[in-house]
Amino acid sequence: QLQLVESGGGLVQPGGSLRLSCAASGFTLDYYGIGWFRQAPGKEREGISCISRGGTTNYADAVKGRFTISRDNAKNTVYLQMNSLKPEDTAVYYCAARKYYCPTNAYDYWGQGTQVTVSS
């Protein structure tokens, strides 16, 4: 079965850290750009970070300097290290894959999501 599976979400206090994982099964991530998205209740989905096939990264202004995306092709997994978390980071986080390019509204695979809650 071809799918992406996110993990690593949970409840964390403001200022804390989490590392999300996005693991691919049934296909190799080598040829794919991988993006992280999030959606908070009552808000539109937003793209927050992407890593290209070659390792080039980009970030939304809201997370720049706090979040780091990385990929380990040997493990077929992409990570999102989230530091200095804020309550406004609370959302369901999704990863997506798109062949050759960073995913936007266009993607080939979409994960089921993992909940991140930042609260004291």
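Predicted model: local features only at pLDDT ≥ 70, side-chain atom pairs only at ≥ 80, totals over all residues.

Colleague: Let's start with charges. How many salt bridges does a search of the whole structure find?

Modeller: Four salt bridges turn up. One of them joins R38 and E46, with the closest N and O atoms 2.6 Å apart.

Colleague: Are those two buried or exposed?

Modeller: R38 counts as buried because its relative accessibility is 5%. E46 has a relative accessible area of 31%, so E46 is partly exposed.

Colleague: And which residue does D89 meet in a salt bridge?

Modeller: That would be R66, at 2.7 Å, N to O. The pair links distant parts of the chain: D89 sits in the loop between β8 and β9, R66 in the loop between β6 and β7, and they are 23 residues apart.

Colleague: Why does D89 count as buried?

Modeller: Because its relative accessible area is 0%. R66 is buried as well, at 11%.

Colleague: Which residues are linked in a network of salt bridges?

Modeller: R38, E46, R66 and D89.

Colleague: What about K64, which side chain does that one meet?

Modeller: K64 meets D61 in a salt bridge, 3.2 Å from N to O. Both K64 and D61 are exposed, with D61 at 67% relative accessibility.

Colleague: Where is D61, by the way?

Modeller: D61 is in the loop between β6 (57-59) and β7 (67-72).

Colleague: OK, now E6. How far away is the nearest side chain of opposite charge?

Modeller: R45 is the nearest, and it is 10 Å away. E6 is buried and has no salt bridge.

Colleague: So which backbone nitrogens does the E6 side chain reach instead?

Modeller: The side chain of E6 comes to 2.8 Å from the backbone nitrogen of C95. A polar atom of that E6 side chain also lies 2.9 Å from the backbone nitrogen of Q112.

Colleague: Where does E6 sit, and what does E6 touch?

Modeller: E6 is in strand β1, residues 3-7. Leaving out residues up to four places away in sequence, E6 touches residues including S21, C22, W36, Y94 and G113.

Colleague: Switching to rings. How many aromatic pairs are there?

Modeller: The structure holds six. In one of them, F27 and Y32 have ring centres 5.2 Å apart and planes at 65°, so that pair is edge-to-face.

Colleague: What about F27 and Y109, stacked or edge-to-face?

Modeller: F27 and Y109 are stacked, 4.1 Å centre to centre with 20° between the planes. F27 is in the loop between β3 (18-25) and β4 (32-39), and Y109 is in strand β10 (residues 109-110), so the pair ties together parts that are 82 residues apart in sequence.

Colleague: Buried or exposed, those three?

Modeller: F27 and Y109 are both buried, with F27 at 12% relative accessibility. Y32 is buried too, with a relative accessible area of 9%.

Colleague: Which rings are linked into a cluster?

Modeller: Ring pairs link F37, Y94, Y107 and W110.

Colleague: Last one, A74: buried or exposed?

Modeller: A74 is exposed, with a relative accessible area of 78%. A74 is in the loop between β7 and β8 (77-82). A74 and T28 are 46 residues apart in sequence and 9.4 Å apart in space, C-alpha to C-alpha.

Note on methods. Residues numbered from 1 in each chain as written. Heavy atoms only, no water. Helix = DSSP H or I, 4+ residues; strand = E, 2+ residues; numbered from the N terminus. Buried < 20%, exposed > 50% of the residue type's maximum accessible area, 1.4 Å probe, protein only. Lys, Arg positive; Asp, Glu negative; His and termini not counted. Polar contact = N/O pair within 3.5 Å; in protein donor to acceptor, adjacent residues only side chain to side chain. Contact = heavy atoms within 4.5 Å. Phe/Tyr/Trp six-rings, centres within 6.5 Å; stacked < 30°, edge-to-face > 60°.
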